[in-house]
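Here is a short note for someone opening this model for the first time. Please keep the structure in view while reading.

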Amino acid sequence: MKLNPAAIALLLSGSALIAPASAQNRPAPSLSGAPVVTDAPGSGIQPGVSGHSAMLPVLYQLDQQPIEQISPLVQRQYLVGTQSTFVKWTVKKGGVFPLHHHANEQITWITEGRCEVSSQGRKFVMTAGTVMIIPPNTPHEFVCTEDTIDIDFFSPQRQDWIDGVPSIAASSK
């Protein structure tokens, strides 16, 4: 079996084939050919960093990633890097992420719609264009009051999802 450079980079990064057994058996193919990826001799190279220690970036089309139906109102698509997880949530009005916490820092960006976030006795209203940084182990819950697109970045990576643990949104009604 011959692997392309993107597949080799994925294997070296430890990200290959480690997603949960559900829809994420493996990410959709990376974008590794022209016109989006081409040779650029001499570009993007730092002296002193050998090709053996510098992994190549891997390019993906987010909308081609598998869609997981987490609950009747919540879908997710995600990618796992060596140290972080990137996720796109598509949430219908009324979708809920019940009160929970996790060891990961979470950065949430609402690109469409509206969610109310409750944490530490406060309610935060997030609308398109707002970003929230949730520190590790901070209890929080989301209620989407409109159809919403939510982009989240987690660090470190969501090992629970890699291990196949269902999203907290799966427990909402």
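The points below go from the whole chain to single residues.

1. Ground rules. This is a predicted model, in which local features need pLDDT of at least 70, side-chain atom pairs count only at pLDDT 80 or more, and totals for chains, interfaces and linings use all residues. Residues are numbered from 1 along each chain as its sequence is written, and side-chain values use heavy atoms, with hydrogens and water left out.

2. Confidence. The mean pLDDT of the protein chain is 83, and 80% of its residues reach 70 or more. Residues 1–24 fall below 50, although this stretch has 40 contacts in the model beyond near neighbours in sequence. pLDDT is the predictor's confidence in each residue, from 0 to 100. Contact means heavy atoms within 4.5 Å. Where pLDDT is low, the predicted coordinates should not be read in detail.

3. Overall make-up. The protein chain has two helices and 10 strands. From the N terminus on, the order is α-β-β-β-β-β-β-β-β-β-β-α. Helices (H or I, at least four residues) and strands (E, at least two) are DSSP runs, numbered from the N terminus. Of the 173 residues, 37% count as buried. Buried means under 20% relative accessible area, exposed over 50%, and partly exposed in between (1.4 Å probe, protein chains only). Among contacts between residues at least 6 apart in sequence, 68% join residues at least 24 apart.

4. The open sheet. Four strands form an open sheet in the order β4-β9-β6-β7, with antiparallel pairing. Two strands pair if DSSP finds at least two bridges between them. β4 (96–100) and β7 (122–127) stand at the edges with a single partner strand each, so one side of each has no neighbour in the sheet. From one strand to the next, the twist averages 20°. Axes here are lines fitted to C-alpha atoms, for helices over the stretch in contact, and angles run from 0 to 180 degrees between N-to-C directions.

5. How the strands pair. β4 and β9 (residues 140–144) are antiparallel over three bridges. β6 and β9 are antiparallel over four bridges. Six bridges join β6 to β7, again antiparallel. Cysteine 115 stands opposite methionine 126 in β7. The hairpin of β6 and β7 has two residues between the strands, and glutamine 120 takes a positive phi near 55° there.

6. Valine 143. This residue lies in strand β9. Valine 143 is the bridge partner of glutamate 116. Valine 143 and valine 96 are 47 residues apart in sequence, but 4.6 Å apart in space, C-alpha to C-alpha. Is valine 143 buried or partly exposed? Valine 143 counts as partly exposed, because its relative accessibility is 31%.

7. The nonpolar core. Of the 20 residues in the largest nonpolar core, Val74, Trp89, Phe97 and Phe142 touch the most other members. Elements giving two or more residues to this core are β2 (74–80), β3 (85–91), β6 (114–119), β8 (131–134), β9 and α2 (159–162). A nonpolar core is a set of buried Ala, Val, Leu, Ile, Met, Phe, Trp, Tyr and Cys residues joined through side-chain atoms within 4.5 Å. Beyond residues up to four places away in sequence, valine 74 touches partners including Trp89, Phe97 and Ala169.

8. Aromatic pairs. The structure holds five aromatic pairs. Phenylalanine 97 and phenylalanine 142 form an edge-to-face pair, 6.1 Å centre to centre with 75° between the planes. Phenylalanine 97 lies in β4 and phenylalanine 142 in β9, so this pair ties together parts 45 residues apart in sequence. Phenylalanine 154 and tryptophan 161 are also edge-to-face, with ring centres 5.4 Å apart and planes at 75°. Rings of Phe, Tyr and Trp (its six-membered ring) pair if their centres lie within 6.5 Å; planes under 30 degrees apart count as stacked, over 60 as edge-to-face and the rest as tilted. Tyr78, Trp89, Phe97, Phe142, Phe154 and Trp161 form one aromatic cluster.

9. A buried glutamine. Glutamine 65 is found in the loop between α1 (5–13) and β1 (68–71). Glutamine 65 is buried, because its relative accessible area is 3%. Leaving aside neighbours within four places in sequence, glutamine 65 contacts Pro27, Ala28, Tyr60, Gln77 and Leu79.
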